[in-house]
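Biologist: Hi! Could you walk me through this structure? I'm new to it.

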Amino acid sequence: MATGNASLKLDRVTLQDAGVYTCSISTNIGSQKKSFRVNIAAFFSEPRLQFSMLTGGLNLVVTSDGGYPSPKLQWLIENSDITDQTHTHLLKDTQTELYNVSSWINLTEISNSSLTFILLNKPVGQHIRREIQLYSDKTRREGQSAHRCHGCSILIPVILLLIVMGLLFVFIIRRRTERTKRLT
């Protein structure tokens, strides 16, 4: 075994396949046994980012799934560790025993800065690092009137879209009514 090559191939590996395996080789020269440990690990999926606006700030949620073992997570803002300000939920699938992870942070002060999410899965050498750039127009708003609508940048396009959809609906109903009158 010291100068030869022995291989073990496992198909359709599950977490139950982890353990100690013993390889026995017999030749004309003699026999040898060697035991070794097989550890099982799985890569986590590409993280997905969700964000929602809160009254006083922003909620960011990062999710990833299908990995094993449980990952080490870290959050940075401008290279300062803020992991202790985040919340993490780790769920183990009862059938596959793989992990799904969700980690979130509520940001009340949003400034022009860089937020970094890091997921480490050491057994497979997986190091996911995703930077999220945060921008705020707070500095621009400071010189403007205090009566400015803070949600108008989202609210106005939504209202316009609803008006256009309403007009389109009225137009379609009128055309159907005119067709029905012509046919009778």
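Modeller: Happy to; what follows is a short chat about the structure shown above.

Biologist: What should I know before I start?

Modeller: This is a predicted model, where local features need pLDDT of at least 70 and side-chain atom pairs count only at pLDDT 80 or more, while totals for chains, interfaces and linings use all residues. Residues are numbered from 1 along each chain as its sequence is written, and side-chain values use heavy atoms, with hydrogens and water left out.

Biologist: What does the chain average in pLDDT?

Modeller: The average is 84, and 88% of the residues score at least 70. pLDDT is the predictor's confidence in each residue, from 0 to 100.

Biologist: And where is confidence lowest and where is it highest?

Modeller: Lowest is helix H1 (residues 138-141), with a mean of 50, and highest is strand E7 (residues 87-92), at 96. Helices (H or I, at least four residues) and strands (E, at least two) are DSSP runs, numbered from the N terminus. Over residues 143-147 pLDDT stays under 50, and the model has 0 contacts there beyond four places in sequence. Contact means heavy atoms within 4.5 Å.

Biologist: New topic: which strands form the open sheet, and in what order?

Modeller: There are 4 strands, in the order E6-E5-E9-E10, with antiparallel pairing. Strand E6 (80-81) and E10 stand at the edges with a single partner strand each, so one side of each has no neighbour in the sheet. Two strands pair if DSSP finds at least two bridges between them. E5 and E6 are joined by 2 bridges, and Leu76 stands opposite Asp81 in E6.

Biologist: What about E3 and E4, how many bridges do they pair over?

Modeller: Strand E3 (residues 48-54) pairs with E4 over 7 bridges, in the antiparallel sense. A hairpin of 2 residues joins E3 to E4, and Gln50 stands opposite Val61 in E4.

Biologist: Now the inside. How many residues are in the largest nonpolar core?

Modeller: It has 17 residues, and those with the most contacts inside it include Leu60, Trp75 and Ile105. Strands E4 (57-67), E5 (72-77), E8 (99-107), E9 (113-121) and E10 (126-134) each supply at least two residues, and the largest share, 4 residues, comes from E8. Such a core is a set of buried Ala, Val, Leu, Ile, Met, Phe, Trp, Tyr and Cys residues joined through side-chain atoms within 4.5 Å.

Biologist: What does Trp75 contact?

Modeller: Leaving aside neighbours within four places in sequence, its contacts include Val62, Ile82, Ile105, Leu115 and Phe117.

Biologist: Last one: is Tyr99 buried or exposed?

Modeller: Tyr99 counts as buried, at 15% relative accessibility. Buried means under 20% relative accessible area, exposed over 50%, partly exposed in between (1.4 Å probe, protein chains only).
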